[in-house]
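Open the model in your viewer and keep the selection tool at hand.

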Amino acid sequence: MLISFVNYKHLITNTMKIKFYFLTATLLAFSLLSTAQEEDVSIKLNQYGQKVKAVKLDAEARNGILSFESKDGNYSFWFDNRIYLDGGYYFDKNTYNPIGNGVTVRRARIAIKTILHKNWYGEIDLDFAGAVTELKDLYLKYTNDTQDFNLKVGQFKEGFSMETTTTSRYVSFMERSLASKFAPSRHLGLQANYMKEKYLLIGGIHFNTQGEAEEVAYSQDSNKKEGMDEGISLTGRAVYRPIIDDEKILHLGAGISYRTPKTDLETPNSYRFSTRSISKINRKKYLDTDDILYVENNLLWNIELAGAYKNMMFQAEYINNDITRSGALSTVNLNGFYAQAGYLFKNGKYNYNKNEGEFTQISAGSDSGQLEIAFRFDYIDLNDAIAGIYGGAANAYTLGMNYYFNTNVKLMLNYSYLNHDRYANGKNKLYVGHDINGNLTKDYTDVVEPAGQAGEDYGQLQMRLEIDF
């Protein structure tokens, strides 16, 4: 600096010189500020020859996720990619039906997400597992300035069931529970969310799904050939949190969904509930109602109870499904539930996302990795004797161990024991016991095994290596 302490007395008498230095410094600062602003925001031409505002974005890795963001935070862009590699071994020595061991790519997801003009969010998410392309999420969302209300439109998960709305990255087990089969997943729709510290309210109207090519083809054919309406769903969820802070959470939730049959199903005006037994490698669907015909609507409702304290958590949910059929046909009642608990070693911590009403990414208690153990019991009943529906029932016991190498790489190990009843014959395709002559039979009416002993029972050991980037 030209002005030194020893020249202070001399400069104090030279007013004009001081004014000159002050003016020069001011102009220099203004020039530097203007240059910085020009570097962040400039006018350029796009591919159509039109002038556009160009904003510089800073690149950084946030927990290993490549992200780009403007200095004011109004513009951001990031990737959300996932690869799940699964393997499974099945203890089928005493089963009625052989089960093939194997490995698979469970998920191969590529997603791009962005925030534009501060309040607008967009997302596209594709899955390439199974050598096919499946559309997962595709929507835009507007969030107000106070961040307590948002409105989104497109294809996304309906606001129903804590377990189903939780991303697969953060569920404690390799597969969601058997009961999650009832919960609606991704559909086209419009949904509003209102969030406060103690509560969350969600309401939406939904239509067909656009996820798989087969589902889209069914819907298009029904429109073209039959002139059928797509069908609608009205879905809502409410969450209350009497206890919530950085270390503990108590979550109480309930949801309801009124649904009419969608044309993305193979058979119009019907529902079919079927599921694999918490494995994507074992392709057998023991549990299958086949087509429930002449459906007018169905009503889903659920209750949720969850909580966490530091490195311990629990979560439970019950889902009821009432299917109303036309004419004198009786209503079909199906239901299921699960209950689970988890524990993190090394002072890890479970985290809760209050804007979505679900658990999110854990906080590791050590830089050298994080170990988690978890246990879940779940049950599903696809039988209704009064309505004449026998899709089978099952319960499952799952012990899980997860090791988080870091925020992006995780190893999962699950042992499950499955217990199916005699009606779980996969639409009469699978053996469920022996007949009076000692031969294997697929007909539950011919099974001679006593109650509790018929049906397929077996253990399975599954492993997953997951990377998120």
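How many aromatic pairs does the structure hold? There are 23. Rings of Phe, Tyr and Trp (its six-membered ring) pair if their centres lie within 6.5 Å; planes under 30 degrees apart are stacked, over 60 edge-to-face, and the rest tilted. Bear in mind that this is a predicted model: local features need pLDDT of at least 70, side-chain atom pairs count only at pLDDT 80 or more, and totals for chains, interfaces and linings use all residues. Residues are numbered from 1 along each chain as its sequence is written, and side-chain values use heavy atoms, with hydrogens and water left out.

**Ring pairs**

Select Phe337 and Phe377. Their ring centres are 5.8 Å apart and their planes meet at 50°, so the pair is tilted. Phe337 sits in strand S19 and Phe377 in strand S22, so the pair ties together parts 40 residues apart in sequence. Strands (E, at least two residues) are DSSP runs, numbered from the N terminus. Phe337 has 31% relative accessibility and counts as partly exposed; Phe377, at 21%, is also partly exposed. The cut-offs are under 20% relative accessible area for buried and over 50% for exposed, with partly exposed in between (1.4 Å probe, protein chains only).

Next, pick Tyr403 and Phe405. This pair is edge-to-face, 5.0 Å centre to centre with 80° between the planes. Then show Trp78, Tyr121, Tyr139 and Phe156, which ring pairs link into a cluster.

**Cores**

Now colour the largest nonpolar core, which has 29 residues. A nonpolar core is a set of buried Ala, Val, Leu, Ile, Met, Phe, Trp, Tyr and Cys residues joined through side-chain atoms within 4.5 Å. Phe182, Phe273 and Ile323 have the most contacts inside this core. Strands S17, S18, S19, S22 and S23 each give two or more residues to the core. S23 gives the most, with 3.

Centre on Phe182. Beyond four places in sequence, its contacts (heavy atoms within 4.5 Å) include Phe273, Leu300, Ile319, Leu334 and Ile380. Another core, of 16 residues, lies apart; Ile249, Ala306, Tyr350 and Tyr352 are among them.

**Cavity**

Where does the tour end? Select Phe173, Met174, Glu175, Ile278, Arg376, Thr398, Asn414, Ser416 and Gln462, which line the largest cavity. The space inside is about 30 Å³. On a 1 Å grid over the protein atoms alone, a cavity is a set of points where a 1.4 Å probe fits but cannot get out; lining residues have an atom within 4 Å of a point.

Conventions
Helix = DSSP H or I, 4+ residues; strand = E, 2+ residues; numbered from the N terminus. 1 Å grid on protein atoms, 1.4 Å probe; cavity = no way out; pocket = protein on both sides within 12 Å on 5 of 7 lines; lining within 4 Å. Points joined across faces, edges and corners; volume = space filled by probe spheres on them.
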